[in-house]
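I set out to record the overall build of this chain, followed by a few selected residues. My entries follow the model shown here.

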Amino acid sequence: MLKKIIIPVVAVIVILGAAYWIKNKYYPINTNQPAHQQTNSQKFEEQTFTYDLTSLQEKCQLNSEMACAVELAVKCTINPDFNGCKDAKLPNFIFMSDPSLQRPSQISFKISKIKPITADLVEIHTQSTCNGNWFGLCSGNIIYVLVPNGEHWRVKDVYAIEL
């Protein structure tokens, strides 16, 4: 009788331990952020970032992995043939090529809110403007849904909301 209870209890402990180890190895949460980085992130959220088809830079100049993921999605919206877009696992609609969609050649955004949903799901709320229509996903209140992609983040979905 005792063996029937001990074996499942040990199995549950091993499974929970493995799940805890995997979560911490692949999705670590850094709670020891220095105070000077916290102040920079407040200033960072106050900035407006503008991207133009004629002057897209290869490297992300932002100091946040999440903001770099949003930046890449914006660059790929402007130019789906941009370096790194095909491998970025972005939503498929970003790569659609129909002139009636009015793909923008210039997009600006300002991060208004970073909303963690779970440890591996974050929403970045932006105030955006663009010179096209693009499904209504480049002007107004645009939300980028981010998920981990190895050591970085990637945009899993994009949607707009009205306030």
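I took helices (H or I, at least four residues) and strands (E, at least two) as DSSP runs, numbered from the N terminus. I worked from a predicted model, in which local features need pLDDT of at least 70, side-chain atom pairs count only at pLDDT 80 or more, and totals for chains, interfaces and linings use all residues. Residues are numbered from 1 along each chain as its sequence is written, and side-chain values use heavy atoms, without hydrogens and water.

Overall build. I found three helices and five strands in the chain, in the order α-α-β-α-β-β-β-β along the sequence. Of the 163 residues, 31% are buried (under 20% relative accessible area; exposed is over 50%, partly exposed in between; 1.4 Å probe, protein chains only). I also looked up contacts (heavy atoms within 4.5 Å). Among those with a separation of 6 or more, 47% join residues 24 or more positions apart.

I located Met1 in the segment before α1 (2-26). Met1 is exposed, because its relative accessible area is 77%.

Leu53. I placed Leu53 in the loop between β1 (48-52) and α3 (65-78). Leu53 counts as partly exposed because its relative accessible area is 40%. Apart from neighbours within four places in sequence, Leu53 is in contact with Ile78, Asn79 and Ser105. I also noted a C-alpha separation of 8.5 Å between Leu53 and Pro104, which lie 51 residues apart along the chain.
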